[in-house]
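Hi everyone, thanks for making time for this. Please have a look at the model on the screen, and then we'll walk through it together.

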Amino acid sequence: MPQSPDTERLRQYVARARAERGLRANTDVAEAAGIGYRTLVNLLAGKSTRAEAAVEVVLGWGVGSVQQVLAGGEPRPGAAPSATPDAPVRPSSQDAEALRFQRPAGLSDDEWDELRRQQADYWEYLVSKAAKER
């Protein structure tokens, strides 16, 4: 299936941002974002996914940048790179808010607290892993 100019443009921007961050392949981007490779492929094909914000953070882009590039614009800057290689990169407050997930219906307060703790632990793991790989 031929790529549209917009999706080809998105692929080029992702490849450039990936290289700037020392990520060798799209599988590295997917892993750092905590998503499956297939989800990333769908995103690069122009299909909107819930994973856009996670990929944008990994690439150092602001939230909404994937859609902005597909519309012909430029990705906006996201979290500033860390000054020291071992310091974790933190998303901006706007990016962090977009990444926050909503409480699924039917969860007790204890279940919700545990799920949020697991999510925070996972993000901490991803950030420290990315910092070590720099």
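Let me start with a question: is Tyr37 buried, partly exposed or exposed? At 45% relative accessibility, Tyr37 counts as partly exposed. For those labels, buried means under 20% relative accessible area, exposed means over 50%, and partly exposed is in between, using a 1.4 Å probe and protein chains only.

Before we go on, a word on where the numbers come from. This is a predicted model, where local features need pLDDT of at least 70 and side-chain atom pairs count only at pLDDT 80 or more, while totals for chains, interfaces and linings use all residues. Residues are numbered from 1 along each chain as its sequence is written, and side-chain values use heavy atoms, with hydrogens and water left out.

Now the overall picture. The protein chain has seven helices and zero strands, so going from the N terminus you read α-α-α-α-α-α-α, where helices (H or I, at least four residues) and strands (E, at least two) are DSSP runs numbered from the N terminus. Of the 134 residues in the protein chain, 31% are buried. Let's also look at contacts, meaning heavy atoms within 4.5 Å. Among contacts between residues at least 6 apart in sequence, 50% join residues at least 24 apart.

Back to Tyr37, which sits in helix α3. Leaving aside neighbours within four places in sequence, Tyr37 is in contact with Asn26, Thr27 and Ala30. Asn26 is eleven residues away from Tyr37 along the chain, and their C-alpha atoms are separated by 7.5 Å.

The axes of α2 and α3 come within 9 Å and cross at roughly 110°. Here, axes are lines fitted to C-alpha atoms, for helices over the stretch in contact, and angles run from 0 to 180 degrees between N-to-C directions. The two helices, α2 and α3, are therefore roughly perpendicular to each other; that label covers 65 to 115 degrees, with under 35 counting as roughly parallel, over 145 as roughly antiparallel and the rest as oblique. On the α2 side the contact is made by Asn26, Thr27, Val29 and Ala30, and on the α3 side by Tyr37, Leu40 and Leu44.

Helix α2 has another partner to show you. α2 and α4 pack at an angle of about 110°, with their axes 9 Å apart, and they are therefore roughly perpendicular to each other. Val29, Ala32 and Ala33 from α2 meet Ala54, Val55, Val58 and Leu59 from α4.

Which residues touch the most other members of the largest nonpolar core? They are Leu10, Val29, Ile35, Leu40, Val55, Leu59 and Trp61, out of 21 residues in that core. Helices α1, α2 (26-33), α3 (37-44), α4 (52-59) and α5 each supply at least two residues of this core. By nonpolar core I mean a set of buried Ala, Val, Leu, Ile, Met, Phe, Trp, Tyr and Cys residues joined through side-chain atoms within 4.5 Å. Take Leu10 from that list: not counting residues up to four places away in sequence, Leu10 touches Leu43, Leu44, Trp61, Val66, Val69 and Leu70.

Thr7 is in α1, and at 6% relative accessibility Thr7 counts as buried. Beyond its neighbours within four places in sequence, Thr7 is in contact with Leu44, Ala45, Gly46 and Leu70. Ala19 is also found in α1, but Ala19 is exposed, with a relative accessible area of 56%. Ala19 and Leu59 are 40 residues apart in sequence and 9.5 Å apart in space, C-alpha to C-alpha.

Last topic: charges. Side chains of opposite charge can pair when their charged atoms come close. A salt bridge here is a side-chain nitrogen of Lys or Arg within 4 Å of a carboxyl oxygen of Asp or Glu, and by this rule the count comes to two. One of them joins Arg9 and Glu74, at 3.5 Å from N to O. This pair links distant parts of the chain, 65 residues apart: Arg9 is in helix α1 (residues 5-20), and Glu74 is in the loop between α5 (65-70) and α6 (93-99). Arg9 is buried at 19% relative accessible area, whereas Glu74 is partly exposed at 46%.

Glu20 forms a salt bridge with Arg21, with the closest N and O atoms 3.4 Å apart. Glu20 counts as exposed at 58% relative accessibility, and Arg21 counts as partly exposed at 31%.
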